[in-house]
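Subject: Structure for you to look at

Hello,

Please find below the structure I said I would pass on. My notes on what was found in it come after.

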Amino acid sequence: MTAELAARDPGQLRLLRERARDADAIDEMTAAAFGPDRFHKTVYRLREEVAPIRDLCFVALDQKGRLVASIRNWPILINERWPAVLLGPLSIAPELRGLGYGKALMWHSMAQSRMQGHSRIILVGDPEYYNQFGFRRDLALNIQLPGWVEERRFLALELVAGAMIGVHGMIGKPVPPKRATRRRKKQ
Ligand SMILES: CC(C)(COP(=O)(O)OP(=O)(O)OC[C@H]1O[C@@H](n2cnc3c(N)ncnc32)[C@H](O)[C@@H]1OP(=O)(O)O)[C@@H](O)C(=O)NCCC(=O)NCCS
């Protein structure tokens, strides 16, 4: 580690599942990282009125309890058939960037996705960053987003070998769970 990085080292951080009270701090950090135009991005249309996957949203806190990193994941359905995870946003507090926390959150989130039964992850992000985790452009060539996307940044990852084979079509929101239908009592 260079002297500059060592000087910024915050020591031990705590990685937790996101709590309800983290929402404001996450919004603030995400706004600072991605700017006011973020809501116009196509991926946000897939997140509107859809809850993130609670067990796949994580935050990191510093020793004073301040939120310094966040990663969220959302449920999506490809072509009404193939469930997948939509990864993002991932944001690290500006003063802690380049210290490996982005990588740590990515590997943690990917491992948890697999452990929770998911087999494929989609994201829109810089390939120069996400290729290192196994995200690839070629795996997303047969799927589409419901709006404009910079093609080179539209990537997919197989958590299970072959999980993208034959997967094609438009990405949509997950199907809402059906309301429990009340059984009518027999008269
Ligand atoms: C992108 C981000 C999540 C990376 O997290 P981080 O903790 O700073 O990154 P890490 O320490 O894990 O990795 C650092 C490495 O990634 C590289 N990197 C960071 N952002 C990158 C990008 N957008 N494209 C290519 N490489 C990138 C750094 O140059 C560094 O490379 P090195 O290891 O060869 O020196 C973080 O910088 C951030 O929150 N940025 C603003 C929000 C954002 O752009 N998020 C999504 C990216 S599309």
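Two strands pair if DSSP finds at least two bridges between them. Strand 3 and strand 4 pair in this way, antiparallel and over nine bridges. Please keep in mind throughout that this is a predicted model.

Overall layout

The protein has five helices and eight strands. Read from the N terminus, the order of elements is α-β-α-α-β-β-β-α-β-α-β-β-β. The C-alpha atoms fill a box of roughly 75 × 45 × 35 Å along the principal axes. Of the 187 residues, 26% count as buried. Among contacts with a separation of 6 or more, 71% are between residues 24 or more positions apart.

The UniProt record, an unreviewed entry, carries the annotation "domain: N-acetyltransferase" for residues 11-156. Over residues 11-156 the chain is 25% helix and 28% strand, and the end C-alpha atoms are 33 Å apart.

A residue counts as buried if 20 or more other C-beta atoms lie within 10 Å of its own. Ten of the twelve residues of strand 3 are buried, so strand 3 is largely enclosed by the rest of the structure.

Which residue of strand 3 is the bridge partner of valine 59? The partner is serine 70. Serine 70 also stands opposite serine 91 in strand 4. Elsewhere, leucine 77 has glycine 172 in strand 8 as its bridge partner.

Turns and backbone angles

Most residues other than glycine have a negative phi, and most peptide bonds are trans. Some places in this model depart from that pattern.

- The hairpin of strand 2 and strand 3 has five residues between the strands, and glycine 65 there takes a positive phi near 85°.
- The hairpin of strand 3 and strand 4 has three residues between the strands, and asparagine 79 there has a positive phi near 55°.
- Glutamate 80, in the loop between strand 3 (67-78) and strand 4, is not a glycine but has a positive phi of about 60°. Glutamate 80 is exposed, with 10 other C-beta atoms within 10 Å.
- Glutamate 49 is not a glycine either, and its phi is positive at about 60°. Glutamate 49 is found in the loop between helix 3 (42-47) and strand 2 (58-61), and counts as exposed because it has 7 C-beta neighbours inside 10 Å.
- The peptide bond from glycine 88 to proline 89 is cis, with omega near -5°. Proline 89 is found in strand 4.

Helix 2

Helix 2 (residues 23-34) has twelve residues and reaches 16 Å from its first C-alpha to its last, close to the 16 Å expected at 1.5 Å a residue. Glycine 35 follows helix 2 and has a positive phi, near 80°.

Around the ligand

How many residues surround the ligand? There are 15, and the closest are Arg97, Gly102, Lys103, Gly125 and Glu128. The elements giving two or more residues to this shell are strand 4 (82-92), helix 4 (101-115) and helix 5 (127-130). By type, the shell divides into six nonpolar, five polar and four charged residues.

Regards

Definitions and conventions
Residues numbered from 1 in each chain as written. Predicted model: local features only at pLDDT ≥ 70, side-chain atom pairs only at ≥ 80, totals over all residues. Near = placed C-beta within 6 Å. Helix = DSSP H or I, 4+ residues; strand = E, 2+ residues; numbered from the N terminus. Nonpolar A, V, L, I, M, F, W, Y, C, P; charged D, E, K, R; others polar. UniProt positions renumbered as here; feature names shortened; annotations may be inferred. Expected span 1.5 Å × (residues − 1). Contact = placed C-beta atoms within 7 Å.
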